[in-house]
Amino acid sequence: MVMPPFHLAFPVSDLDATREFYVNDLGCEIGREDVKWIDFNFHGHQISAHLRPEEVTIAHTNSVDGDQVPVRHFGLVLQWDKWEALHKSLEAKGREFLIEPRTRFEGQAGEQGTFFLLDPSGNALEFKSFKNMDQLFARD
């Protein structure tokens with residue numbers, strides 16, 4: 001089954017820093033852009049960074065499996081090898097993780113690799129993976 005791409009728009013405080021992070025660190029391609037926004041190809045999905053510094057805020061957190069997870073975040077579910085390659089690439093570039101790469105819910109339904117980082121405006125991103133993709137929506 002082919003999933004339709006999603007679209008997400010989010011505020012940023014600096015378009016140049018945003019462009020550099022999403023292109024150089026996350027490997028996104030630039031789509032259309034203007035002086036106040038940039039569209040990125042986020043692994044086949046369209047995300048739009050809008051210059052609105054007054055709307056950039058730090059997300060509150062909830063405790064999830066021992067981590068303080070930002071409630072407001074977005075990201076991707078990647079194949080395991082792509083997930084490992086991304087976190088190793090980010091480590092090599094010296095990027096700081098908000099939540100270090102680790103296995104969450106080990107031995108339970110939904111076991112997954114996950115890590116979080118912040119973009120230059122403080123938007124939280126999560127990248128996760130499942131060795132068994134059937135666990136994506138597992139309940140028990």
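This is a predicted model: local features need pLDDT of at least 70, side-chain atom pairs count only at pLDDT 80 or more; totals for chains, interfaces and linings use all residues.
**Stop 1**

Begin by selecting strands β1, β4, β3 and β2. These 4 strands form an open sheet, and they are arranged in the order β1-β4-β3-β2 with mixed pairing. In general, the strands of a sheet pair through backbone hydrogen bonds, in either a parallel or an antiparallel manner. Which strands stand at the edges? They are β1 (7-12) and β2; each has a single partner strand, so one side of each is left without a neighbour in the sheet. From one strand to the next, the twist of this sheet averages 25 degrees.

Next, select residues 29-33 and 37-42, which are strands β2 and β3. The two strands pair in the antiparallel sense over 3 bridges, and a hairpin of 3 residues joins β2 to β3. To see one bridge, display Glu33 together with its partner in β3, Ile38.

**Stop 2: helix α1**

Select residues 15-25, which make up helix α1. Which strands does helix α1 lie across? The helix lies across β1, β2, β3 and β4, and its direction is at about 10 degrees to that of β3.

**Stop 3: the hairpin of β5 and β6**

Move to residues 61-64 and 67-70. These are strands β5 and β6, paired in the antiparallel sense over 4 bridges. Thr61 has Pro70 as its bridge partner in β6. The two strands form a hairpin with 2 residues between them, and in the turn Asp65 has a positive phi of about 50 degrees.

**Stop 4: the sheet with β7 to β10**

Select strands β7, β10, β9 and β8. They form an open sheet of 4 strands in the order β7-β10-β9-β8, again with mixed pairing. The edge strands are β7 (73-77) and β8 (99-104), each of which pairs on one side only. In this sheet the twist averages 20 degrees from one strand to the next.

Look then at β7 beside strand β10 (residues 124-129): the two run parallel and are joined by 5 bridges. Leu76 has Phe127 as its bridge partner in β10.

**Stop 5**

Select residues 80-92, helix α2, which lies across β8, β9 (112-118) and β10. Relative to β9, helix α2 runs at about 35 degrees.

Within helix α2, display the side chains of Trp80 and Trp83, which are 3 residues apart, about one turn of the helix. A pair of aromatic rings is described by the distance of the centres and the angle of the planes. How is the pair of Trp80 and Trp83 arranged? The pair is tilted, with 4.9 Å centre to centre and 40 degrees between the planes. The structure holds 10 aromatic pairs.

**Stop 6: the largest pocket**

Finally, select Met3, His45, Leu76, Val77 and Met133. Of the 13 residues that line the largest pocket, these are the closest to its centre. About 470 Å³ of space lies in this pocket.

Which strand gives the most to the lining? That strand is β7, with 3 residues. Colouring the lining of the largest pocket by residue type would show 8 nonpolar, 4 polar and 1 charged residue.

Notes: Residues are numbered from 1 along each chain as its sequence is written. Side-chain values use heavy atoms; hydrogens and water are left out. Two strands pair if DSSP finds at least two bridges between them. Axes are lines fitted to C-alpha atoms, for helices over the stretch in contact, and angles run from 0 to 180 degrees between N-to-C directions. Contact means heavy atoms within 4.5 Å. On a 1 Å grid over the protein atoms alone, a cavity is a set of points where a 1.4 Å probe fits but cannot get out, and a pocket is an open set with protein on both sides within 12 Å along at least five of seven lines; lining residues have an atom within 4 Å of a point. Grid points are joined across faces, edges and corners, and a volume is the space filled by probe spheres set on the points. Ala, Val, Leu, Ile, Met, Phe, Trp, Tyr, Cys and Pro count as nonpolar, Asp, Glu, Lys and Arg as charged, and the others, Gly among them, as polar. Rings of Phe, Tyr and Trp (its six-membered ring) pair if their centres lie within 6.5 Å; planes under 30 degrees apart count as stacked, over 60 as edge-to-face and the rest as tilted.
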